[in-house]
Amino acid sequence: MAVLLLEDVDADDVGTVGGKAASLGELIGAGLPVPPGFAVTAGTYRTFIEEAGIDEELFDAVDVDPEDSAALREAEATAERLILDTPFPETVREEILDRYREMGEDGEEAFVAVRSSATAEDLPDSSFAGQQETFLNVREDDLLRRVKECWASLFTQRAIYYRQQRGFPHSEVDIAVVVQRMVDADKSGVMFTSHPSTGEPQVTIEAAWGLGEAVVSGTVSPDNYVYDRERGAVDQVTVADKKVEMVKDEETGETVQLDVDQDRRNERVLSDAEIGDLVELGERVEGHYGAPQDVEWAIYDGEIYMLQSRPITTIREDAGDEAGASGGESRANGAGAGGEAEAAAADGDGGVTGTGPNGGTTASGGTGADDDADGLVDGLGASPGVVSGTVRIVHKLDHLDQVQEGDVMVTEMTMPDMVPAMKRAAGIVTDEGGMTSHAAIISRELGVPAVVGTGNGTRVLEDGQHVTLDGDKGTVRAGESESAEPGEEFEPVEAARPETPVKPMTATEVKVNVSIPEAAERAAATGADGVGLLRIEHMVLSLGKTPEKYIADHGARAYQDELIEGVRRVADEFYPRPVRVRTIDAPTDEFRELEGGDDEPVEPNPMLGWRGIRRSLDKPEPFRQELAAFARLYDMGYDNIEVMFPLVNDAADVEAITGHMREAGIDPEARRWGVMVETPASALQIEDLAEAGIDFASFGTNDLTQYTLAVDRNNGHVADRFDELHPAVLRLIGDTIETCRELDVDTSICGQAGSKPEMVEFLVEKGVSSISANIDAVRDVQHEVKRTEQRLLLDSVR
């Protein structure tokens, strides 16, 4: 049979009808409200291409170099032509149309959704979900073409690239198609039946007016509702400013995007009763599958329909041992597609209200207690989590031994030498620093809760004092909290490696920043496409000596060995995914703190001084040893390592770099290497840099912003003017990406701004090759990229 009714299939039929159809059939069998429909089987697709004799030509056409953009475009076009131009066998044609006609009511044609259902969706180490097409409000005249377009979408550039990269033969992946009656939704959205990162009994629901495509694609910022399953109550409500909705045009039957009426834009989509009904259905789905679920739903005329359900793949294996952890998918953290809710103000009953996404409002249920009654200090919540422990004040490096497992380390600011103690600590508090400080970055990579920039932590907190640190809220309170993890039970990051989650498939690669080798396992477990920035300076500075002093005391080979050991740890963890290693880029004030740093110059502004490639070229002996270490790594077979050079200004810098590479035995034409674009000069001269031989350019937005706007981000008098989304900064980035695309040079971003939804959307629209985010932000960025790409695809279809 060419088609099977959804009610006749279940979870065992994935190979026949694909993951989506099998899941829908399973839900129907469990008695859940699912719109009726049928599946055009995967075997029908296979028979179609084989009996038409286009199978071999099809698979040959898409067997291309995935890094060749022109070849990918041609492969997609050829596959689409072969499938769309080949007529349906008459028997298959009639069977599909007959099933469709049975769905009509009162002599009227049914409006249906036509969705792809690939047989290889969401495998343990590869996710094909979301790569293929979906069409809404389809009627008979367009049905057969839409089915074939779903088949053809198995060979989009993104899908071809993904399978080639993952080593999946194109001939082994089939595709079914779901044809399902449309729910002309009044409201719709998504629901996570448990917390998508920690697995806690917390239901998160996103909702918007109209069809759910607006929520899934990121076109609209949805309301966000959090329901505490243990208390049986709505815990938090975030009402977004919902500017648009997707609905069916009554005249044409097409799906259109309309502006939401002013009186509904800031109106709450779901009542508490509707939330309760959704939660009940969600718990039934979770109970049926025996695992937390990601559910798409719709409400029409007061009735709830389940449109899709799949397991949540982002829950960490060790989540049950961590309290207060945050992260996971961006649509589950109260931010939706529109960003995080702004700081809230306490209301009369201990609840919280505030501004939600794009100007909406938030409200959360309170306990009536004042959580800050015992507050001691507050600052920026730089690394999430809530822990209790004993304060250990660190004024000098020789105090580090006092920090034991489970203590809360409190210091003016952290330095690379402190990393071993930071690994032992349950939490970290600093007087100075912001979200991009050393303490913030390292704490997030280690998964250690941290509060930075308190201003007075070392003066207010007392050694030996018991405190509770909240890395989400940025507070330190006296005493221990029942909701916190006791410090003495704190589990080091090496103890339990979480299973790598199934990542959303995106054409734009999402990579991860790594500062220290110790964070490699946690970074790899994010499912990132590789490392966009591995900072070598933390390996060097942790030696306690300047490179020159270390080489003088221990020899050049020993210095190379130290670098090799650190880089190998990360390269092994990610192999064969690429690891982009940046040569040393520490300012003189950091070197001055090390043994041998007495001769370092005292500079008024070290960030504008003798650092990056200018230092490496002026003082080439340590630089030569760095390159020698890379040459040895290549000889060991680490072909996934890419070298990146910081603070490059012009082609003269690049020419000097390539000369040193050749002297070290590295062929610039045989290895992938590139530069950081951190100055307006390098952005404006990117064409010259490309001609000089670079393979990629990576934006360092922290420096690029401060150099473009003349703003020192660490200067409190002007820090409020630091804006990575300033039009001037965006223009430099956008123009650079456009030029690089023309010259076949990859582009990426590894600065802090790459984790911001607005920057992600801008970069994807401009066509950036990859985005590298901090460890804790990778999942959010993956889904933000997916949403933006889906929106762009939808826009192109319309």
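Tutor: A cavity here is a set of grid points where a 1.4 Å probe fits but cannot get out, and its lining residues have an atom within 4 Å of a point. Please keep in mind that this is a predicted model.

Student: How many cavities of 30 Å³ or more does the structure hold?

Tutor: There are two cavities of 30 Å³ or more.

Student: Which residues line the largest cavity?

Tutor: Its lining consists of P547, E548, Y559, I584, F591, R615, S616, K619, P622, F623 and E626.

Student: Let us turn to helix packing. How is a pair of packed helices described?

Tutor: Two packed helices are described by the angle between their axes and by the distance between the axes.

Student: At what angle do helix 17 and helix 20 cross, then?

Tutor: The axes of helix 17 (residues 556-574) and helix 20 cross at roughly 55° and come within 9 Å. The two helices are therefore oblique to each other. Helix 17 passes helix 20 in a right-handed crossing.

Student: Which residues make that contact?

Tutor: Helix 17 contributes A556, R557, Y559, Q560, D561, L563, I564, V567 and R568, while helix 20 contributes P622, Q625, E626, A628, A629, R632 and L633. Nine residues of this contact are nonpolar, two are polar and five are charged. Y559 of helix 17, together with P622 and E626 of helix 20, takes part in this contact, and Y559, P622 and E626 are also among the residues lining the largest cavity.

Student: How do helix 24 and helix 25 pack?

Tutor: Helix 24 (residues 701-709) and helix 25 (residues 727-742) pack at an angle of about 125°, and their axes are 9 Å apart. This angle makes helix 24 oblique to helix 25. The crossing of helix 24 and helix 25 is right-handed. On the helix 24 side, T701, L704, T705, T708 and L709 meet A728, V729, L732 and I733 of helix 25. The class count for this contact is six nonpolar, three polar and no charged residues.

Student: And which residues of helix 5 meet helix 6?

Tutor: The axes of helix 5 (residues 90-101) and helix 6 (residues 140-152) cross at roughly 130° and come within 11 Å. Helix 5 is thus oblique to helix 6, and helix 5 passes helix 6 in a right-handed crossing. R93, I96, L97, Y100 and R101 of helix 5 meet E140, L143 and L144 of helix 6. Five residues in this contact are nonpolar, none is polar and three are charged.

Student: Now the backbone. Which residues does a cis peptide bond join?

Tutor: Y575 and P576 are joined by a cis peptide bond, with omega at about 5°. P576 is placed in the loop between helix 17 and strand 28 (579-582). Most peptide bonds are trans.

Student: Where does D301 lie, and what is its phi?

Tutor: D301 lies in the loop between strand 12 (293-300) and strand 13 (303-311). Its phi is positive, at about 55°, although D301 is not a glycine. Most residues other than glycine have a negative phi.

Conventions: Residues are numbered from 1 along each chain as its sequence is written. This is a predicted model: local features need pLDDT of at least 70, side-chain atom pairs count only at pLDDT 80 or more; totals for chains, interfaces and linings use all residues. Side-chain values use heavy atoms; hydrogens and water are left out. On a 1 Å grid over the protein atoms alone, a cavity is a set of points where a 1.4 Å probe fits but cannot get out, and a pocket is an open set with protein on both sides within 12 Å along at least five of seven lines; lining residues have an atom within 4 Å of a point. Grid points are joined across faces, edges and corners, and a volume is the space filled by probe spheres set on the points. Axes are lines fitted to C-alpha atoms, for helices over the stretch in contact, and angles run from 0 to 180 degrees between N-to-C directions. Helices (H or I, at least four residues) and strands (E, at least two) are DSSP runs, numbered from the N terminus. Angles under 35 degrees count as roughly parallel, over 145 as roughly antiparallel, 65 to 115 as roughly perpendicular and the rest as oblique. A crossing is left-handed if the near helix is turned anticlockwise from the far one by less than a right angle, and right-handed if clockwise. Contact means heavy atoms within 4.5 Å. Ala, Val, Leu, Ile, Met, Phe, Trp, Tyr, Cys and Pro count as nonpolar, Asp, Glu, Lys and Arg as charged, and the others, Gly among them, as polar.
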